[in-house]
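Please read it alongside the sequence and the coordinates shown here.

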Amino acid sequence: MAMQSTTFAPTLRARVDGIFARIGQGMISYAEKRSRRAEIDALEAKSDADLARLGITRDRIVHYVFRDVIWL
């Protein structure tokens, strides 16, 4: 009695792997573009006087950066 192995062809597996890799890369790219860490760092580097001119206190920097997404 002969046994047959039913596995995917290497090219099909490579194509599926490639699709998932591109999806993952797209998600990472989207998350990096949406990151606001650079803006938070820039505001944290400012003096209290500079922040006051912007109407922000140091403890409200994160709220200010995400003001269009979260209303706190």
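Helices here are DSSP runs of H or I with at least four residues, numbered from the N terminus. On that basis Arg36 belongs to the loop between α1 (10–34) and α2 (37–45), in what is a predicted model.

**Arg36 and its partner**
- Arg36 is buried, with a relative accessible area of 15%, and, leaving aside residues up to four places away in sequence, touches Val65, Phe66, Asp68 and Val69.
- With Asp68, Arg36 forms a salt bridge in which the closest N and O atoms are 2.7 Å apart.
- Because Arg36 lies in the loop between α1 and α2 whereas Asp68 lies in the segment after α4, the pair ties together parts that are 32 residues apart in sequence.
- Asp68, in turn, is exposed, with a relative accessible area of 51%.

**Nonpolar core**
- The largest nonpolar core has six residues, namely Ile40, Leu43, Leu51, Ile56, Ile61 and Val65, and the elements that give two or more residues to this core are α2 and α4 (61–65).
- Ile56 touches Leu43, Leu51, Ile61 and Tyr64, when residues up to four places away in sequence are not counted.

**Other salt bridges**
- The count of salt bridges comes to five, and Arg37, Asp41 and Glu44 are linked in a network of them.
- Arg37 and Glu44 meet through their side chains at 3.6 Å, N to O; Arg37 is partly exposed at 45% relative accessibility, and Glu44 is partly exposed at 39%.
- Asp50 pairs with Arg53 in a salt bridge whose closest N and O atoms are 2.2 Å apart, and the two residues, three apart in helix α3 (residues 48–54), are separated by about one helical turn.

Key:
Residues numbered from 1 in each chain as written. Predicted model: local features only at pLDDT ≥ 70, side-chain atom pairs only at ≥ 80, totals over all residues. Heavy atoms only, no water. Buried < 20%, exposed > 50% of the residue type's maximum accessible area, 1.4 Å probe, protein only. Contact = heavy atoms within 4.5 Å. Core = buried A, V, L, I, M, F, W, Y, C linked by side-chain atoms within 4.5 Å. Salt bridge = Lys/Arg side-chain N within 4 Å of Asp/Glu carboxyl O.
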